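This report covers a two-chain model, taking selected side-chain pairs before the chains and the interface. Please view the sequence and structure first.

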Amino acid sequence: MEIVHVSDVHELTPEDQKFCEATKAWFKIDFVPKMSRVLLTVPEFGRPYGRASRRAMSDGALSRGQKELIASIVSAINVCEY
Amino acid sequence: MAGVTHALNTVADGLRLPLEFSTSSRHPVAPLLDPPTDDREMQVLLDDIRGFYAVEHVPAVFRWMARDRGFLQSYWEATREAFTDHTLDRLTKEILAFAASMTAKSDYGVDFHLREAHRLGLTDQGLTEAVEVVQLFNTVTKIADTLGLQPDFPARPRGPSLG
């Protein structure tokens, strides 16, 4: 059960709403993931965390696909349903 | 691959088997026996393991399993298959095994799979990127669990059987 209120996008600042639009484009989905919205509940944390994520998950020496696989295996080992 | 990695790490760390490639003060909690030299099938099996990993000595976790040749034979066959090039290449699988080991805090697994990944071509930049992703997703999985976040995607109907 979720123990926090997960903000709707319209509750966020215009700057953060813009970031959410970029997130949808990044994942090619038509909604903003809860994690993105939760992180932006504390913008001083969520904004730099989002920038770090975008930087780390981009193609580099490892492809974005390989990085998503790493993310999946970390989630599996941590038994994280989300 | 994730399951085999986790299980081998569990055995190796649980028995405190010495690390393969890094200096370690670990001592096994039970003796690591030398496999019988007059067992031809065992020698073929051990040669295959050494060849697969390009090592001089059979890794301790497999030496442990050599106490029971039948078990080692079958488990090694499964392990080899899991780490062989298929849709995912072997390097990617070793990077994933390294990430799984790091997340599970397995000293044996981190040491073993990092060496394998390097041997198969992982660069220092690649290692940096892999660790960044491990760090990011150890952050968000913890946040998600703490807050009880439910998945964004609804449960999907059962897919085709893996068998």
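In which helix do B:Asp47 and B:Arg50 both lie, and how many residues apart are they? They are in helix α2 (residues 40–53) of chain B, three residues apart, about one turn of the helix.

## Basis of the model

This is a predicted model, in which local features need pLDDT of at least 70 and side-chain atom pairs count only at pLDDT 80 or more, while totals for chains, interfaces and linings use all residues. Residues are numbered from 1 along each chain as its sequence is written, chains are lettered from A and ligands numbered from 1 in the order in which they are written, and side-chain values use heavy atoms, with hydrogens and water left out.

## Salt bridges within chain B

The side chains of B:Asp47 and B:Arg50 form a salt bridge with an N to O distance of 2.5 Å; the term requires a side-chain nitrogen of Lys or Arg within 4 Å of a carboxyl oxygen of Asp or Glu. B:Asp47 is partly exposed at 43% relative accessibility, and B:Arg50 is partly exposed at 22%. The classes are buried (under 20% relative accessible area), exposed (over 50%) and partly exposed (in between), with a 1.4 Å probe and protein chains only.

A second pair, B:Arg119 and B:Glu116, has its salt bridge at 2.8 Å, N to O. Both residues lie in helix α6 (residues 107–119) of chain B, three residues apart, about one turn of the helix. B:Arg119 is partly exposed at 35%, whereas B:Glu116 is buried at 0%. Through salt bridges that share partners, B:Arg90, B:Arg115, B:Glu116 and B:Arg119 form one network.

## The two chains

Chain A has four helices and zero strands; chain B has seven helices and zero strands. These elements are DSSP runs numbered from the N terminus, helices being H or I with at least four residues and strands E with at least two. The C-alpha trace of chain A spans about 35 × 30 × 25 Å along its principal axes, and the C-alpha atoms of chain B fill a box of roughly 60 × 40 × 30 Å.

Of the 82 residues in chain A, 41% are buried, and of the 163 residues of chain B, 41% count as buried. A:Arg55, in helix α3 of chain A, is exposed with a relative accessible area of 71%. Its C-alpha atom is separated by 16 Å from that of A:Leu69, 14 residues apart along the chain.

## The interface

Contact, meaning heavy atoms within 4.5 Å, links 35 residues of chain A with 37 residues of chain B. The buried area is about 3,100 Å², with 74% from carbon and sulfur atoms; buried area is the accessible area (1.4 Å probe) that two parts lose on being put together, summed over both.

One salt bridge is counted between the chains. A:Lys67 forms this bridge with B:Glu129, the closest N and O atoms being 3.1 Å apart. On the side of chain A that touches chain B, α2 (34–39), α3 (43–57) and α4 (64–77) of chain A each supply at least two residues. The largest share, nine residues, comes from α4(A).

Over all chains the count comes to 14 salt bridges. Why does the pair of A:Lys67 and B:Glu129 join two chains? A:Lys67 lies in helix α4 of chain A and B:Glu129 in helix α7 (residues 124–147) of chain B, so the pair joins two chains. A:Lys67 is buried at 1% relative accessible area, and B:Glu129 is buried at 6%.
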